[in-house]
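Biologist: I'd like to learn how to read pockets and cores in a model. Could you walk me through one?

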Amino acid sequence: MLDLKERKNIMNIGYISPTNPFVDKKRWSGTNYSTREALELAGHTVEWIKYDNTNLFLKIYNRIIYKLIYGNGTPTYSRLSSWLKVKTIHENLEKYDVIFIPGQIDLVAGLKTKTPIIYYGDGTVPLMVDYYWFNFTKRAINEAKELELKAARNASINIYASNWARNSGIKEYKIHSSKAKVIPFGANLSYADTDNISNIDKNDRINIIFSGVDWKRKGGELAVNACEN
């Protein structure tokens, strides 16, 4: 069992991501890049662990087989997707102190290693149904829940971006509270991008852009109120 409070020394972290988290600033709205950067700024060594999510078998499964079995849903949240992706990881996972996996619940569920796994996510299947996911079949939802339950049990620590998600993980999958943590997502801006913020005069005009597809779900009104106050 991994206790973050006991891990005070510098760690060698295996970071699993579909694209290079040292280069790609767009994946998962920049979260993969920013969390990797934060881990390094904390003094840890981070190595990217690659896997193949574009192979022919996975494409056939995603486009054809999954739909035939489950109907409308998301192939990522299925045990076969988990198996197909995990089998393309050839790195020696035992050489790391921990394995860090942002998102990618199928990989969390399918990895077999003695190295502690830390999962970082922003929701659970029950929360996403009729919130992010619409018109999914019951079979697809049940498969997604089975996968997420397997992942929750396989991870040494489940980190969520909010208490909303953490509470759901504890309730739905009986995750022990000591294994469920909350670390909110940041702004996904590099420190270099914020160097000049402290030099802004309080009387200066500041132009702010809000980016989000769903105004209500993304907290548009909250953002506006924060700017006004």
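Modeller: Happy to! Keep in mind that this is a predicted model. Let's start with the largest pocket, whose volume is about 2,000 Å³.

Biologist: Which residues lie nearest the centre of the largest pocket?

Modeller: Those are Trp28, Ser29, Thr31, Asn188 and Lys218, out of 48 lining residues. Two or more lining residues come from each of α1 (31-41), α2 (56-70), α4 (105-110), β4 (117-121) and α8 (220-228). Sorted by class, the lining holds 26 nonpolar, 16 polar and six charged residues.

Biologist: And how should I read a nonpolar core?

Modeller: The general idea is that nonpolar side chains tend to be buried together in soluble globular proteins. Here the largest nonpolar core has 33 residues, and Ile16, Tyr77, Ile89, Ile99, Leu111 and Val125 touch the most other members. Its largest share, six residues, is from α6, the helix spanning 138-154. Beyond its sequence neighbours within four places, Ile89 contacts Ile16, Ile49, Lys50, Tyr51, Leu107 and Leu111. Another core, apart from that one, has 11 residues, including Val98, Tyr120, Ile157 and Ile159.

Biologist: Is Asn158 buried or exposed?

Modeller: Asn158 counts as buried because its relative accessible area is 2%, and the cut-off is under 20%. This residue sits in strand β5 (residues 157-160).

Biologist: What does the side chain of Asn158 reach?

Modeller: Its side chain reaches the backbone oxygen of Ala152 at 3.5 Å. Setting aside neighbours within four places in sequence, Asn158 has contacts with Tyr119, Ala151, Ala152, Ile175, Lys179, Ala180 and Lys181.

Key
Residues numbered from 1 in each chain as written. Predicted model: local features only at pLDDT ≥ 70, side-chain atom pairs only at ≥ 80, totals over all residues. Heavy atoms only, no water. Helix = DSSP H or I, 4+ residues; strand = E, 2+ residues; numbered from the N terminus. Buried < 20%, exposed > 50% of the residue type's maximum accessible area, 1.4 Å probe, protein only. Polar contact = N/O pair within 3.5 Å; in protein donor to acceptor, adjacent residues only side chain to side chain. Contact = heavy atoms within 4.5 Å. 1 Å grid on protein atoms, 1.4 Å probe; cavity = no way out; pocket = protein on both sides within 12 Å on 5 of 7 lines; lining within 4 Å. Points joined across faces, edges and corners; volume = space filled by probe spheres on them. Nonpolar A, V, L, I, M, F, W, Y, C, P; charged D, E, K, R; others polar. Core = buried A, V, L, I, M, F, W, Y, C linked by side-chain atoms within 4.5 Å.
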